[in-house]
Amino acid sequence: MSVPDHASCRYFVSYSGVKLPLRLVNPLEESDLGHRNTYMKAWFDAADRLVGCDKLVYGDVQISHRYQYHDNGALRRAEIFMDEDLTVMEFDETGARTSA
């Protein structure tokens, strides 16, 4: 799953918690990135929902998340890429996980 072409890009220091979608914290300006070794690059849809994020460390992507949502705004699908492994999770309209 890729990030939609129309998604807006923003940057953050990190994230908090473990619930999906990730909760990104401490926004950064693009001009701040030259002074950072680690940061999150994130994309948001027109409804300001997080549709994807990459954790960059020294310019390399360490982990990527991609999200899709149900019409009611609940998370429908999460794809997590890490170390060339892909984990896919599906959720119902109430947010309950339906896949392993």
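Modeller: A polar contact is a pair of N or O atoms within 3.5 Å; within protein, one must be able to donate a hydrogen and the other to accept it, and residues adjacent in sequence count only if both atoms are side-chain atoms. The model is predicted: local features need pLDDT of at least 70, side-chain atom pairs count only at pLDDT 80 or more, and totals for chains, interfaces and linings use all residues. Numbering runs from 1 along each chain as its sequence is written, and side-chain values use heavy atoms, without hydrogens and water.

Colleague: Which side chain does Glu79 join in a polar contact?

Modeller: Glu79 sits in strand E6, residues 75-82. Strands (E, at least two residues) are DSSP runs, numbered from the N terminus. At 2.9 Å, the side-chain partner of Glu79 is Arg77.

Colleague: Is Glu79 buried or exposed?

Modeller: Buried means under 20% relative accessible area, exposed over 50%, partly exposed in between (1.4 Å probe, protein chains only). Glu79 has a relative accessible area of 6%, so Glu79 is buried.

Colleague: And Ser2, buried or exposed?

Modeller: Ser2 lies in the segment before strand E1 (8-16). Its relative accessibility is 60%, so Ser2 counts as exposed.

Colleague: Which strands are the edge strands?

Modeller: Seven strands form an open antiparallel sheet, ordered E2-E1-E3-E4-E5-E6-E7. Two strands pair if DSSP finds at least two bridges between them. Each edge strand pairs on one side only: they are E2 (23-28) and E7 (85-90).

Key: Helices (H or I, at least four residues) and strands (E, at least two) are DSSP runs, numbered from the N terminus.
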